[in-house]
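Keep the 3D view open as you read.

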Amino acid sequence: MDNDVSAGATTTIVGRLALGITLLAFGLGHTDVIDGVTAADAVSIAQYVGGIALFVAGLLALRDGDTVGGTAFSALGALWFTWAVSADNQVSANAAGLFLLLFALVALSLTFAGGDQLGQGTYGLFSVSLVLLAIAQFAENDGLAKVGGWFAVAAGAVAWYAATAALAHWPTVLPKRAAGRGVTATG
């Protein structure tokens, strides 16, 4: 194990990789960008990677004292698992939309929970994705579902980058501009 990576950081990396892969598969399935690939094709990834692996990463993060990561990973793991095991059930568009809205509330809570910029970006993009997908279900609008899928892809890319950046020691925060820099007084 790398001496620069603590156990808590390792759990976060695993959780972000699991979330990123799941979001990419789920999002790409909604975009129809790959011929013949739908969101239903993401069920296995959602069940095992997004559900079980993410849930376990959440429990380990909670054990390590990472409340934000632990809550995020265990809650999202449970939700992904629920989505995956109920994917074959016939439900109304409104019931599916309601599930997505409830899922969006969890993602929105995680957005405001704190943590780092990449985590908040991931959860914020995922919230938007879920709201768009819920509205698409209510309105039976495939075009809006594709847009929601792209937001999920973006969220997955951010989660994947956050994990990879931690492993590769890439930047994980946006640089802040010093107060007053870049503004000149003319007189």
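Helix α4 spans residues 93-112 and holds both Phe 99 and Phe 103. The two sit four residues apart, about one turn of the helix. This is a predicted model.

Start with burial. Phe 103 has a relative accessible area of 2%, so it is buried. Phe 99 reaches 24%, which falls between the 20% and 50% cut-offs. Phe 99 therefore counts as partly exposed.

Now turn to the pairs. The structure holds eight aromatic pairs. One of them joins Trp 80 and Trp 83, with 5.9 Å centre to centre and 85 degrees between the planes. That pair is edge-to-face. The rings of Phe 99 and Phe 103 have centres 5.7 Å apart and planes at 70 degrees. An angle over 60 degrees counts as edge-to-face, so this pair is edge-to-face.

Trp 80 and Trp 83 belong to helix α3, residues 67-85. They are three residues apart, about one turn of the helix. Both are buried.

Trp 83 leads on to the largest pocket. Along with His 30, Ala 96, Leu 100 and Gln 137, Trp 83 is among the lining residues nearest the pocket's centre. The volume of this pocket is about 760 Å³, and 28 residues line it. Which helix supplies the largest share of the lining? Helix α4 does, with five residues. Helices α1, α4, α5 and α6 each give at least two. By class, the lining has 15 nonpolar, eight polar and five charged residues.

How values were computed:
Residues are numbered from 1 along each chain as its sequence is written. This is a predicted model: local features need pLDDT of at least 70, side-chain atom pairs count only at pLDDT 80 or more; totals for chains, interfaces and linings use all residues. Side-chain values use heavy atoms; hydrogens and water are left out. Rings of Phe, Tyr and Trp (its six-membered ring) pair if their centres lie within 6.5 Å; planes under 30 degrees apart count as stacked, over 60 as edge-to-face and the rest as tilted. Buried means under 20% relative accessible area, exposed over 50%, partly exposed in between (1.4 Å probe, protein chains only). On a 1 Å grid over the protein atoms alone, a cavity is a set of points where a 1.4 Å probe fits but cannot get out, and a pocket is an open set with protein on both sides within 12 Å along at least five of seven lines; lining residues have an atom within 4 Å of a point. Grid points are joined across faces, edges and corners, and a volume is the space filled by probe spheres set on the points. Ala, Val, Leu, Ile, Met, Phe, Trp, Tyr, Cys and Pro count as nonpolar, Asp, Glu, Lys and Arg as charged, and the others, Gly among them, as polar.
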